[in-house]
Amino acid sequence: MTLEAISKTIAATEPHGTTRKFSIGYGDVSRVAFLFVSFRVIPWPIFRPLPVIGATAVLLSCLAGGALAQAYPSRVVRLVVASAPGGGSDLVGRTLAHKMAPALGQQIIVENRAGAGGRIGAEVVARAAPDGYTLLIGTSSLMVVAPALYPKLPYDTTRDFAPVSRLAFVPYVLVVHPSVPARSVKELVALARSQPGRLTFASAGSGSSSHLACELFRTQAVLNVVHVPYRASPLATLAVVSGESDQMFSNILPAVPAIRSGRLRPLGISSLKRSTLLPEVPTIEESGLPGYEVEQIYGLLAPAGTPREIVRRLNEDTAKAMQAPETRERLRADGSEVLVSSPEEFEKWIAAELRKWAKVVKQAGIQSE
């Protein structure tokens with residue numbers, strides 16, 4: 001058979017005996033010739049399936065590529081909370097999941113993976129496939145404090161995670177026992193300087209957030225005060241309420257009842273913004289310590305390598321969910337304030353906080369347990 005004969009009109013017989021004409025242009029002649037030669041060289045029973053299989057594979061791969069880019073999410077999303085149910089991370093995670101699921105069009109399952117101060121849950125997400133279907137509710141303690149305290153973590157905050165957005169923050173409140181003769185941050189600083197080594201501050205343990213908040217305060221104000229670690233935050237609060245310790249940085253929500261009843265005296269809020277729970281209490285920066293800022297930040301993280309398009313989609317839906325009035329009210333009742341950001345802003349915050357807390361830990365000489 002010649003190429004001229006191949007290029008002529010070919011009649012194809014339909015199932016019912018009708019005919020359809022197919023035209024082969026000059027651009028197709030070489031491909032038809034290739035098939036013709038191949039058919040002559042390779043036995044027909046062996047060769048026949050190959051073009052069909054090859055063409056089908058190419059077609060399916062093209063369709064799959066487009067579908068994957070457009071169809072996220074196409075199944076359930078797992079949101080890992082690295083703590084037990086009932087805590088701040090759990091509340092933020094479940095509030096986000098409930099509000100964001102309709103926007104994603106998929107169910108978001110909250111999975112509590114407590115243990116080792118949250119490091120177990122963080123490692124689960126760090127090792128997960130970077131496809132947007134496994135996410136983490138990160139905290140300041142996990143993201144920026146733990147790396148300063150533990151040199152051998154099972155994850156690296158900057159290497160193993162893709163920041164999506166900050167979600168909310170909870171400030172601390174500096175409280176003293178009513179017997180302490182200080183009614184403001186300035187008066188407390190003056191008192192501590194006049195009696196070096198006499199005042200004590202309680203914390204939830206060495207390296208805890210309450211400990212680091214006080215160490216930053218002590219460093220910036222240049223004070224000589226004595227740290228008294230307890231095994232848990234409620235025990236530290238009880239120690240200050242009873243007068244066993246003079247002061248502490250407490251989580252704001254559990255401190256409010258004791259403040260309202262007069263068992264604790266609030267002196268300052270640790271964030272740059274006053275708390276809606278204690279609007280009458282000035283910030284520590286307002287009180288004469290410029291730049292002082294300590295908050296428990298909650299953020300959404302994905303495994304490193306997650307496609308940028310998926311991170312952007314998650315960021316947009318997260319912002320809408322967190323800024324909804326019902327979300328703000330729900331978190332405010334627990335002492336939290338909504339704080340969303342772009343992935344880039346979140347990434348810069350992580351880098352700055354890693355440097356900040358590494359410096360505080362080094363200056364304070366804190367040893368990890």
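Biologist: What share of the 369 residues of the protein count as buried?

Modeller: The share is 44%, where buried means under 20% relative accessible area, exposed means over 50%, and partly exposed lies in between, with a 1.4 Å probe and protein chains only. This is a predicted model, in which local features need pLDDT of at least 70 and side-chain atom pairs count only at pLDDT 80 or more, while totals for chains, interfaces and linings use all residues. Residues are numbered from 1 along each chain as its sequence is written, and side-chain values use heavy atoms, leaving out hydrogens and water.

Biologist: How many helices and strands are there in the protein?

Modeller: The protein has 15 helices and 12 strands. Both are DSSP runs numbered from the N terminus: helices are H or I with at least four residues, strands are E with at least two.

Biologist: Why is β9 called largely enclosed?

Modeller: Four of the five residues of β9 are buried, so the rest of the structure largely encloses this strand.

Biologist: What makes β6 and β7 partners of β9?

Modeller: Two strands pair if DSSP finds at least two bridges between them. β6 and β9 are joined by five bridges and run antiparallel, and β7 and β9 are joined by two bridges and run parallel. Both counts meet the cut-off, so both are pairs. In these pairs L174 stands opposite F249 of β9, and A202 stands opposite M248 of β9.

Biologist: Which residues of helix α11 are buried, and what covers them?

Modeller: In α11 (residues 233-242) the buried residues are A236, T237, A239, V240 and V241. Their cover includes β6 (161-176), β7 (200-203), β9 (247-251) and α12 (252-260). Just after α11, G243 takes a positive phi of about 90°.

Biologist: What is P130 in contact with, leaving aside its neighbours within four places in sequence?

Modeller: P130 is in contact with P303, A304, G305, T306 and P307, and contact means heavy atoms within 4.5 Å. P130 and P303 are 173 residues apart in sequence, yet 5.1 Å apart in space, C-alpha to C-alpha. For the protein, 75% of the contacts between residues at least 6 apart in sequence join residues at least 24 apart.

Biologist: What makes a space a pocket, and what is the volume of the largest pocket?

Modeller: On a 1 Å grid over the protein atoms alone, a pocket is an open set of points with protein on both sides within 12 Å along at least five of seven lines, and lining residues have an atom within 4 Å of a point. The largest pocket has a volume of about 1200 Å³, which is the space filled by probe spheres set on points joined across faces, edges and corners. Its lining has 44 residues, and S141, Y172, S209, N251 and Q296 are the closest to its centre. Helix α7 (residues 140-149) gives the largest share of this lining, five residues.

Biologist: Which residues lie nearest the centre of the second largest pocket?

Modeller: They are A162, P163, R308, P343 and E347, out of 16 lining residues. The elements giving two or more residues to this lining are α8 (157-160), β6, α13 (308-322) and α15 (343-364). The largest share, five residues, comes from α15. The volume of the second largest pocket is about 300 Å³.

Key. 1 Å grid on protein atoms, 1.4 Å probe; cavity = no way out; pocket = protein on both sides within 12 Å on 5 of 7 lines; lining within 4 Å.
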